Amino acid sequence: MGLAIGGAMIAAGLGQTTVAAAAAPTSVAAALQEFGIPALGPNVMLFTPSAPQADIQAAFDAVSAQQVSNQFGPQRYTLLFAPGTYGSAANPLDVQVGYYEQVAGLGSQPGDVVVNGQIDVFNQCDSSGQNCIALNNFWRSLSNLTINPTGLSGCRTNTEFWAVSQAAPMRRVQVNGPTTLMDYCTAGPQYASGGFIADSSFSKSIVNGSQQQFVVRNSNLNGWSNGVWNQVFSGVVGAPAETFGQTGGQPYTTVPASPVTRETPFLVRQANGSFAVQVPTAATNTAGQSWNADAASPAIPLNRFLVATPSTPIQQINVALAHGENLLLSPGVYSYSQPIRVVHPNTVVMGLGFATLVPAASNDALDLNGAPGSTVTGLILDAGAHGSRTLLHVGPGGNPHTQPTLISDTFFRVGGATAGSTDTALTIDGSHVIADDIWAWRADHGNGVGWTQNTANTGVTVNGDDVTAYGLFVEHFQKTEVQWNGENGRVIFFQNEMPYDVPSQAAWNLSSSVKGYPALAVGPRVRTFNGAGLGSYSYFDQNIDIHATEAFATPGTPGITMHDLLTRFLNGSGGIDSVINSTGGAVNAANPGPNQVVNAH
């Protein structure tokens, strides 16, 4: 049966096309009618090079007009480019990416999809038009294509703008031209707060500017300017030299090679028009992008996936997983009274358009039990009103002779979009796990926010061994925010904000001798752990003098090392008294005042 795609009729499996005339869409509904692709579920659009560029531009504009300010809405979209070239120097394709928009190419290599134009994220301004920032530019992504920046005018001429903060990954992207990670054109002060780039390449220097923290992994750079707080580069060809803590230097932490990586699976459209998911395999001690290896990795045809929508019953999902199928969740919000259960090793669970899971009872949202080597990617997990033990559980299992389990571009919220609570957002009991771009956020704004409303003790608990995290963002939880109990753990880049809304010192003490709770604590029995480029910030906004005794806690054994540590006093009253308080006495770096930077090895 033929599928209506991009103003053309595609004969399924044959790639034959008949161009059909279509008026440029003026609404999201019209864009979906023209570009919708039923095989991938609702709210997914597929553009082809034969589609009128005016229609593609109008479709993006319609979605962006709805999504740029839609921070906590339920709408989600995936916008896909089939292999080919879009836009030109004379007629560029210039679009914006808003909340819950996934923009991706469908080639096996980023060069298979070329956009002459810009795919941008700009600052958002408040109603006065004066406070223009990127601090809340979350939950959007860009992947698997090439951008030749051209078009627009004035300050934004021929420059790729990606002014984002947490949960806005850029992966497998080639940018042939200037790139900036802050919007310096919209009225100031242009603050941005941390992003994630992996497996990408840039022909010209990146303007980091006002990005408070940032992590780049396994990419190729041609220069990097500026730095506010932790700027971390792991396995990056052309990374700036390590200068963290040096007098007059930038806060750059440089790890020459990433110890173990597994790139995120990505959707491809094959020559016959069918879809598949490319699943890269793990690599060790790597630097630079890995596109050739990714393209040669195993491809799983779409017919081995259950393509679910928010109306798919949980029983159907779990039966499919029990029978060895993979799972693709189309854009939308899913609410179930039992967890999605992954029970077979090497299963792929992929969300499109930031598909969101919300427990309808006191259940976990997603449980990987007996499923080592599996992948979870592209999801938001929201805490539900009934409270959960954890939102994502990675069960025991895993060994060095099989593929590591991968949790990538997976984001957790407690409050904000909906009232909810959980004890822990992410629990990793399994071994040989890679966490690649995780944001666990106890909301500080939005719906259901308050010390006794969106309750959550811990963002991430790691009990398994040989767990490696790149880009670990954990914010505002009410007790120890990351508890690491497994051996041979590694964290390359960690960003934390302590809870803003602590009502009193007595309500937030670990013990009679320890005020507050650490941002990251290594368990007392752990003998080996390494952290690089770790930051924790305090902003206590209740006009009460609140203190945390320590930002980072370790047992102080010789096999535990942390370097390039930073604490910041953002505002409010109180602060973090000590960067590290190692009970074994190996490191005790006193913090004599706000904004202390410690380069402790």
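Is Cys132 buried or exposed? Cys132 is buried, at a relative accessible area of 0% (buried is under 20%, exposed over 50%, partly exposed in between, with a 1.4 Å probe and protein chains only). The model is predicted: local features need pLDDT of at least 70, side-chain atom pairs count only at pLDDT 80 or more, and totals for chains, interfaces and linings use all residues. Residues are numbered from 1 along each chain as its sequence is written, and side-chain values use heavy atoms, with hydrogens and water left out.

**Disulfides**
- Two disulfides are found in the whole structure (a disulfide is a pair of cysteine sulfur atoms within 2.5 Å).
- Cys132 is bonded to Cys125, with the sulfur atoms 2.1 Å apart.
- This link of Cys125 and Cys132 is right-handed, with 115 degrees about the S-S bond.
- Cys125 is partly exposed, with a relative accessible area of 40%.
- In the other disulfide, the sulfur atoms of Cys155 and Cys185 are 2.2 Å apart.
- The torsion about the S-S bond of Cys155 and Cys185 is about -80 degrees, so this disulfide is left-handed.
- Cys155 is partly exposed at 44% relative accessibility, and Cys185 is partly exposed at 25%.
- Counting bonded cysteines along the chain, the pattern is 1-2, 3-4.

**Sheet**
- Three strands form an open sheet in the order β24-β25-β27, with antiparallel pairing (strands are DSSP runs of E, at least two residues, numbered from the N terminus; two strands pair if DSSP finds at least two bridges between them).
- The edge strands, β24 (266-269) and β27 (299-301), each pair on one side only.
- β25 (residues 275-278) and β27 pair over three bridges, and Gln278 has Ala299 in β27 as its bridge partner.

Conventions:
Helices (H or I, at least four residues) and strands (E, at least two) are DSSP runs, numbered from the N terminus.
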